[in-house]
Protein chains: 2
Amino acid sequence: MRVLVVEDDQFHASYLQDTLAEALPEVTEIFHASDGAEGEEEARQGGIEAVVMDLQMDRRNGIEAARTIWAERPQSRILFWSNYADEAYLRGIARIVPEDSAYGYVLKTASRDRLRLALRAVLVEGQIMVDREIHRLQKQGAAPRNRLDDSEFGVLLDLALGLPDKLIAERRGMSLRTVQNRLLSLYDKLGVTVDPEDEAVSLNKRVRALNRALVTRTINVETLEAAQRDLDAWLGGRG
Amino acid sequence: MRVLVVEDDQFHASYLQDTLAEALPEVTEIFHASDGAEGEEEARQGGIEAVVMDLQMDRRNGIEAARTIWAERPQSRILFWSNYADEAYLRGIARIVPEDSAYGYVLKTASRDRLRLALRAVLVEGQIMVDREIHRLQKQGAAPRNRLDDSEFGVLLDLALGLPDKLIAERRGMSLRTVQNRLLSLYDKLGVTVDPEDEAVSLNKRVRALNRALVTRTINVETLEAAQRDLDAWLGGRG
DNA sequence: AAATTGCTTGCGGGAACCCGCAACATCTCT
DNA sequence: AGAGATGTTGCGGGTTCCCGCAAGCAATTT
C-alpha cells in the first residue's frame, strides 16, 4: 500500500512516517508533501489511495486538498490529523466527504497507540473513526440548543464576510425579513445577549456574533478565507 | 545556567531541549513546562532567568505567561518561538517587554542554525533578536501607510469586541466623532473599501473591518480573548 | 375539522452607523 | 509671525440594522 503524508511540520511528519512504517506492515511506500497543493499533485502522480493529512497548512489547507483528492478519486481513504478540535474543521470535512469513503479525524495530542489504531482502522480497514474529543464537541452543542443548522451556518458565514442583509437574502434566496430572523436565532445561539446584569452595555450584534463564533471555535480564520473565495465566485457569476 | 522550556508540543519541546543542550554548553539544567500557567510556576520555583516560550498554548498563552514572568523578574531573558508571524503576537509582546530586557522571536520554520544563533544571542548574550520574516512584516505595513498606530489598534480591539461607538468613546476618553474618525482610518488601512468595480456590493464596514483584521493577521482569536478580559475588568471597575 | 406549532414575510419605527462639512486647536516649517 | 498640515469636535442627514407586531402558509396534533 502506498501512503501519502501531507504535513508541513517536519517533526510531525517524521513521527508520522515512523509510526506508519512501524504500525502498518502493508505499507510499501510513503510519500510526503508539505502543503495542500503539493499533496494534490503527489496524490495524482502516485496513484495514492491512502492519505494522512494535516489541516493547517500555508499554501492550501488540508480540507481543500482533500476535496480535490476526493473529487479525483472518491474512494481515497483520508485520515485528518490536527492540533485543534474546531467545529469549523468538522463542518468543512462533513461538507466534502463523499458518500461512502473512509476517513478519520485524530488530534495530534492523541497517544501513539490511538494514532496507530486510527491509521489501521481508516487506511487499512476503511472504517470511519473520529477522535472522542471531537465527537464530544459535536454532542455538547446539541444539548443546550446551541447547535447551528446549515441554514444558520450559511447566514453566519455571509454575515462574517460583511454582507448586508439584502445581499444575504439575495444570495440565499430568502426574503429580507427571513434573513433577519435567522440572524436573531444566530444571536441567540451564539450567546449575543443583553446581559441582564450589564444592562448598560448594548453591543453591536453583528460584530459580536462574529466574535463569539470565533472564540467558541464555531468558525475560524480559514473558514473565513474559504467563504470569501466562494463569495467571489458567486459575485463573478452574477455581475 | 538554568533554562526553562515552555512548549506544549512534545516533539518541539524535545527538539528544543536537544538543540539547547548541544548549542549552549553553559546550560546546566533544563526545565520544562507544557503550558503558560505551569511555566510561570516553574520559573518562580527554579529561579530561572532564561526562557524559551511557545506562544499558542491552551491554558494560558505565552504572552500572558511572559508578562507575569517579567513582572516578577524583569531581567529574565525570553526567546519566543512560534509557528506564525502574526502581527497580533508582535503587538502583544511589544506591549509587555520591560525597559531593557533581552528577548527574541524566532519562527519554528527557522533552520536549526538560526535557532542556535538566537538561543545564544538572547539567552546568553542578552541581545534582542527578531526573525527576519517577522521584521519584514513590520516594514511592509509601513510602506503603503497600512500600519495601525496604537490608538487605532485600541479602537480596533473595542470594535472587535462589539462595542458601540459611544462606549468606545467613553473607554478611550475620546469624543464620539473622534472615534468615528478613527474608524474611518481603520477602514481605510484595513482595505474596507467600496471597490469601484463591484459598486453593487456595499458591505457592513464594522464586520468587514474585523474580518480583514483577522485574515491579514493583524489580530487573532487569542487577541480577542485577551481583549475581552481587559474589557470585563474595565467594566467591573465602573459599576 | 379545529387547534396548535413553526416558519416566512411585510410594515414601521427607534437606534446605531457612516460620513460630508465646517469650526477650532496644535504643531511644524519657513 | 504666518501658512500649512494634522487632529478633534459638533451638526445633520441618509442608510442600515434590530426587532415587535401581525398576517399568511404548512405540517402535526387533538
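Contact here means heavy atoms within 4.5 Å. Keep that in mind as you begin with both chains on screen.

**Before you click**

This is a predicted model, in which local features need pLDDT of at least 70 and side-chain atom pairs count only at pLDDT 80 or more, while totals for chains, interfaces and linings use all residues. Residues are numbered from 1 along each chain as its sequence is written, chains are lettered from A and ligands numbered from 1 in the order in which they are written, and side-chain values use heavy atoms, with hydrogens and water left out.

**Stop 1: where the chains meet**

Select the contact between the two chains: chain B brings 32 residues and chain A brings 32 residues. Of the interface residues of chain B, 100% are also interface residues in chain A, so the copies meet through the same surface.

The size of an interface is often given as the accessible area lost when the parts come together. Chain A and chain B bury about 2800 Å² between them, with 62% of it on carbon and sulfur atoms. (Buried area is the accessible area, found with a 1.4 Å probe, that two parts lose on being put together, summed over both.)

Next, show the side chains of A:Glu225 and B:Arg217, which meet in a salt bridge at 2.8 Å, N to O. (A salt bridge is a side-chain nitrogen of Lys or Arg within 4 Å of a carboxyl oxygen of Asp or Glu.) The count between chain B and chain A is 2 salt bridges.

Which elements give two or more residues to the side of chain B that touches chain A? They are α1 (10-23), α7 (150-161), α10 (205-215) and α11 (221-236) of chain B. Color α10(B), which gives the most, with 7 residues. (Helices are DSSP runs of H or I with at least four residues, strands are runs of E with at least two, and both are numbered from the N terminus.)

**Stop 2: the axis**

Two copies of a chain are related by a rotation about an axis and a shift along it.

**Stop 3: helix α2 of chain A**

Select residues 36-46 of chain A, helix α2, whose buried residues are A:Gly36, A:Ala37, A:Gly39, A:Glu40, A:Ala43 and A:Gly46. (Buried means under 20% relative accessible area, exposed over 50%, and partly exposed in between, using a 1.4 Å probe and protein chains only.) These buried residues pack against β1 (2-6), β2 (29-33) and α3 (62-72) of chain A.

At the start of α2(A), a side-chain oxygen of A:Asp35 reaches to within 2.8 Å of the backbone nitrogen of A:Ala37. Just after the helix, A:Gly47 takes a positive phi of about 55 degrees.

**Stop 4: B:Thr19**

Move to helix α1 of chain B and pick B:Thr19. Is B:Thr19 buried or exposed? At 0% relative accessibility, B:Thr19 counts as buried. Its side chain reaches the backbone oxygen of B:Tyr15 at 2.8 Å. Leaving out residues up to four places away in sequence, B:Thr19 touches B:Leu24, B:Arg112, B:Leu115, B:Arg116 and B:Leu119.

Terms used
Polar contact = N/O pair within 3.5 Å; in protein donor to acceptor, adjacent residues only side chain to side chain.
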